[in-house]
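This briefing is for a reader who is meeting the structure for the first time. Please look over the sequence and the model before reading the points below.

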Amino acid sequence: MNQCEEQGEIVRQEQLAPEIFRLTLKAPQIASNARPGQFVMVQTTPCYDPLLRRPLSIHQTIGNEQVQLLYKVAGKGTRILAALPPGQKLNLTGPLGHGFDLAGKQAICLVGGGMGIAPLYFLAREILRATTPPKCIVLLGARTTSELGSLPRDFMDIGATETHIATDDGSLGHHGFVAELLPQHLGPGHQWTVCTCGPHPMMKGVVSQCRAQGWECQVSLETMMACGISACLGCAIPRADLSGPYLHVCKDGPVFKAEEVAWL
Ligand SMILES: Cc1cc2nc3c(=O)[nH]c(=O)nc-3n(C[C@H](O)[C@H](O)[C@H](O)COP(=O)(O)OP(=O)(O)OC[C@H]3O[C@@H](n4cnc5c(N)ncnc54)[C@H](O)[C@@H]3O)c2cc1C
Ligand code: FES
């Protein structure tokens, strides 16, 4: 395990949409060890309010030096984060958890909704960087176009030419939910692996389609997290057969095989 506590330095803070920010930090120890699907716990303030670190997925690493996070302002911690300027130091723990498993996959579909898109960019880059990359389809969903910011272009720029969009309000791409795009884009003749991250109902829809079609599915789950390092047991989720002991998203995940967890 290569996780560490590191004092990152903010290189860039970009506002991509009204409440969406992309933060680039110099954090070489974390950058050089991170895998797609892993996350960091961010201490948003050195004071005691908020006391707890906030979990954020690694959006990408840049070389072995920088870590990028993509986040939406949800409450106090992320609001404080959004106001921090370049040069500011930020304490991070990471990289944490288990990432996606790409070994031996021939055709991969990434399905991201909202901020669940954050870890999928790192994953797409890793997939497309291979000498002979597997077939890769990217499906991105958001409530409206502005929530996507530059993400569709960012995916295209790294070679994800089969990137398709769905918006709840129909302002871009398919008018409806991103999971509805699966049947039309995942044709026969491939053994598909679907990797998904986003709101729970969206992932539940993706998982049920994968089950019906016999596609392998990996899910990146989000729960409330107090410690991120398997100490508080606050991120417990039930196993698929509801037998104990519970799984812990910070240690056993955040990426799981869909069939490992209960979809209640
Ligand atoms: C492994 C993991 C990776 C994540 N990656 C990202 C990411 O890349 N980008 C991103 O924008 N967000 C991500 N999140 C969610 C992010 O951690 C929360 O939005 C953040 O902690 C909210 O903190 P806050 O202080 O701003 O809001 P708070 O004041 O703590 O809460 C505001 C609202 O957000 C909800 N919330 C708080 N924590 C979480 C949580 N952990 N998961 C879901 N909802 C929460 C609360 O219920 C409340 O409704 C991730 C969560 C996990 C567990
Ligand atoms: S967040 Fe504390 S055990 Fe997982």
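The points below cover the domains, the nonpolar cores, the ligand site and some local features.

The model is predicted. The domain assignment divides the chain into domain 1 (4-96) and domain 2 (107-220). Ligand 1 has 19 residues around it, and the largest nonpolar core has 35 residues.

**Domains**

- The centres of domain 1 and domain 2, taken over C-alpha atoms, are 24 Å apart.
- Where these domains are in contact, domain 1 supplies 16 residues and domain 2 supplies 15 residues.

**Nonpolar cores**

- In soluble globular proteins, nonpolar side chains tend to be buried together.
- Within the largest nonpolar core, of 35 residues, the most contacts belong to C109, V111, L182, V194, V206, V219 and L221.
- Two or more residues of this core come from each of the strands β3 (39-43), β8 (107-113), β9 (135-142), β12 (192-197) and β13 (216-220), and from each of the helices α6 (200-213) and α7 (249-252).
- Helix α6 gives the largest share of this core, five residues.
- Domain 1 and domain 2 each give at least three residues to this core.
- V206 is in contact with V111, A179, L182, V194, T196 and C217, leaving aside its neighbours within four places in sequence.
- There is also a second, separate core of 25 residues, with I20, Y121, I127 and V138 among them.

**Ligand 1**

- The residues that come nearest to ligand 1 are R54, P55, K72, G77 and T78.
- R54 places a polar side-chain atom 2.6 Å from an oxygen atom of the ligand.
- For P55, a backbone N or O atom lies 2.6 Å from an oxygen atom of ligand 1.
- In the side chain of T78, an N or O atom is 2.4 Å from an oxygen atom of ligand 1.
- Ligand 1 exposes 860 Å² when taken alone, and the protein buries 75% of that.

**T78**

- T78 is part of helix α2 (residues 76-82).
- T78 counts as buried because its relative accessibility is 10%, and the cut-off for buried is under 20%.
- The T78 side chain reaches the backbone nitrogen of A74 at 2.8 Å.
- Not counting residues up to four places away in sequence, T78 touches Y71, K72 and V73.

**R35**

- R35 sits in the loop between α1 (28-31) and β3.
- With a relative accessibility of 42%, R35 counts as partly exposed.
- Residues touched by R35 are F122 and E126, not counting those up to four places away in sequence.
- The side chains of R35 and E126 make a polar contact at 3.0 Å.
- R35 is 155 residues from H190 in sequence, and their C-alpha atoms are 25 Å apart in space.

**Backbone features**

- Most residues other than glycine have a negative phi, and most peptide bonds are trans.
- G94 and P95 are joined by a cis peptide bond with omega about -10°, and P95 lies in strand β7 (residues 89-96).
- Another cis peptide bond runs from G253 to P254, with omega near 10°; P254 is in the loop between α7 and β16 (255-257).
- S230, which is not a glycine, has a positive phi near 70°.
- S230 lies in the loop between β13 and β14 (236-237) and is partly exposed, at 30% relative accessible area.
- L242, also not a glycine, has a positive phi of about 60°.
- L242 belongs to the loop between β14 and β15 (247-248) and counts as exposed, at 58% relative accessibility.

Methods: Residues are numbered from 1 along each chain as its sequence is written. Chains are lettered from A and ligands numbered from 1 in the order in which they are written. This is a predicted model: local features need pLDDT of at least 70, side-chain atom pairs count only at pLDDT 80 or more; totals for chains, interfaces and linings use all residues. Side-chain values use heavy atoms; hydrogens and water are left out. A nonpolar core is a set of buried Ala, Val, Leu, Ile, Met, Phe, Trp, Tyr and Cys residues joined through side-chain atoms within 4.5 Å. Buried means under 20% relative accessible area, exposed over 50%, partly exposed in between (1.4 Å probe, protein chains only). Helices (H or I, at least four residues) and strands (E, at least two) are DSSP runs, numbered from the N terminus. Domain bounds come from an automatic or database domain assignment. Contact means heavy atoms within 4.5 Å. A residue is near a molecule or strand if one of its heavy atoms lies within 4 Å of it. A polar contact is a pair of N or O atoms within 3.5 Å; within protein, one must be able to donate a hydrogen and the other to accept it, and residues adjacent in sequence count only if both atoms are side-chain atoms. Accessible areas come from the Shrake-Rupley method with a 1.4 Å probe; for residues, only the protein chains shown count as cover.
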